[in-house]
Amino acid sequence: MVQLSDARLDASFAALSDATRRGVLAQLSRSESSISDLADRFHMTLTGMKKHVGVLEQAGLVTTEKVGRVRTCRIGGRGLEAEAAWIDWYRSVWGARFDELDKVVQELKQKEQSDERSK
Amino acid sequence: MNEANSADASVQGRTKVERSDREIVVTRTFDAPAHLVYQAWTTSELFKRWWAPRSLGMNLRSVDLDVRTGGTYRLEFGEDAANSMAFFGNYVEVIPNSKIVWTNDEGGEEGSVTTVTFEEQDGQTLLTMREVYPSKEALEANAGAEGALPEQFDQLDELLASMAAD
């Protein structure tokens, strides 16, 4: 099992603060892809997509490799990093969701406590 | 992450994710008794408030939960009927205030089985959600499909940007 440290999350949040970059990460978690394919898929210019991939690469979420004229992008670097990048993203979804669940649960708790007091 | 300078991040930090080849485990402790967490999970109106949080920008069009052993559920995301995505399955096992097991049938044969347990101790509840996929490939292809809905990205932006700014 891989477990993610908070420091690791912190480093990737900035890279993940952009909708396109999260989309790219989700896409690369399914299969590797060239920059031009990603640009097409996200309706962007090649230059724009290069910038996004660059940010993800610097955050260690994506690696790229140029073969001939094609630059191929993959999620993560080594196997462990790919897994961590994927978990970052997964945890950002569940963290947000459980923060909301917590609010609902606290409301229920307060209501239950005030109901008990009024009995 | 430095807890002292980021309240949002430490809240986020309470949600723990672990993964192995075919399994994802998410845990979180809630400061409330198990029957309340269970209630928020099994009541459609309450479920709708947190499963599709505004901060994620998800639009949950409909929620239909029949939480009992053998019962079914169906969730529909999307802006309108023409652009919606459904998640559905059935409840394999339901033990009130303690455990819910359901199938995720939208993935066909690659679908996972999810088990959520609610363990109460000293007035707090440890929630453990375990998703088991038939294969590593199925996990990678399907896990987090809801999280990848394009419509959620815009508002997740705001959430993550506020975290990054802390």
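Predicted model: local features only at pLDDT ≥ 70, side-chain atom pairs only at ≥ 80, totals over all residues.
**Chain B at a glance**

- Chain B contains 5 helices and 8 strands, and along the sequence they come in the order α-β-β-α-α-β-β-β-β-β-β-α-α.
- Of the contacts in chain B with a separation of 6 or more, 43% are between residues 24 or more positions apart.

**Strand 8 of chain B and its partners**

- Strand 7 (residues 113–121) of chain B runs antiparallel to strand 8 of chain B, and 9 bridges join the two.

- Strand 5 (residues 84–95) of chain B pairs with strand 4 (residues 72–78) of chain B in the antiparallel sense, over 7 bridges.
- One pair to find on screen is B:F77 with its bridge partner B:M85, which sits in strand 5 of chain B.
- Strand 5 of chain B is also antiparallel to strand 6 (residues 99–103) of chain B, with 4 bridges between them.
- Here B:Y91 has B:W102 in strand 6 of chain B as its bridge partner.
- Strands 5 and 6 of chain B make a hairpin with 3 residues between them, and in its turn B:N97 has a positive phi of about 65°.

**Chain A and its sheet**

- Chain A has 5 helices and 4 strands, following the pattern β-α-α-β-α-α-β-β-α along the sequence.
- Three strands of chain A make an open sheet in the order 2-4-3, with antiparallel pairing.
- Strand 2 (33–34) and strand 3 (62–67) of chain A are at the edges with a single partner strand each, so one side of each has no neighbour in the sheet.
- Strand 2 of chain A pairs with strand 4 (residues 70–75) of chain A over 2 bridges, and A:T72 in strand 4 of chain A is the bridge partner of A:S34.
- Helix 4 (residues 46–58) of chain A packs on this sheet, where it touches strand 3 and strand 4 of chain A, and its direction makes about 120° with that of strand 3 of chain A.

**A closer look at A:D37**

- A:D37 belongs to helix 3 (residues 35–41) of chain A.
- Is A:D37 buried, exposed or partly exposed? A:D37 is partly exposed, because 16 other C-beta atoms lie within 10 Å, while 20 or more would be needed to call a residue buried.
- A:D37 and A:T72 are 35 residues apart along the chain, and their C-alpha atoms are separated by 9.5 Å.

**The nonpolar cores**

- In soluble globular proteins, nonpolar side chains tend to be buried together.
- The largest nonpolar core here has 29 residues, and A:V105, B:V37, B:A40 and B:W41 have the most contacts inside it.
- Both chains take part: helix 5 (79–117) of chain A supplies at least two residues, as does each of strand 2, helix 2 (34–42), helix 3 (44–51), strand 4 and strand 6 of chain B.
- Helix 5 of chain A gives the largest share of this core, with 8 residues.
- Leaving aside residues up to four places away in sequence, A:V105 touches B:F30, B:A32, B:L36, B:V37 and B:A40.
- There is also a second, separate core of 13 residues, including A:L28, A:M49, A:V53 and A:L61.

**Confidence in chain A**

- The average pLDDT of chain A is 79, and 76% of its residues score at least 70.
- Within chain A, confidence is highest in strand 2, at 94, and lowest in strand 1 (residues 2–3), at a mean of 41.
- Residues 1–11 of chain A have a pLDDT below 50, and this stretch makes 26 contacts in the model beyond near neighbours in sequence.

Note on methods. Residues numbered from 1 in each chain as written. Chains lettered and ligands numbered in written order. Pairing = 2+ DSSP bridges. Contact = placed C-beta atoms within 7 Å. Axes fitted to C-alpha atoms, helices over the stretch in contact; angles between N-to-C directions. Core = buried A, V, L, I, M, F, W, Y, C linked by C-beta atoms within 7 Å. Buried ≥ 20, exposed ≤ 12 C-beta atoms within 10 Å, placed from the backbone. pLDDT = per-residue confidence, 0-100.
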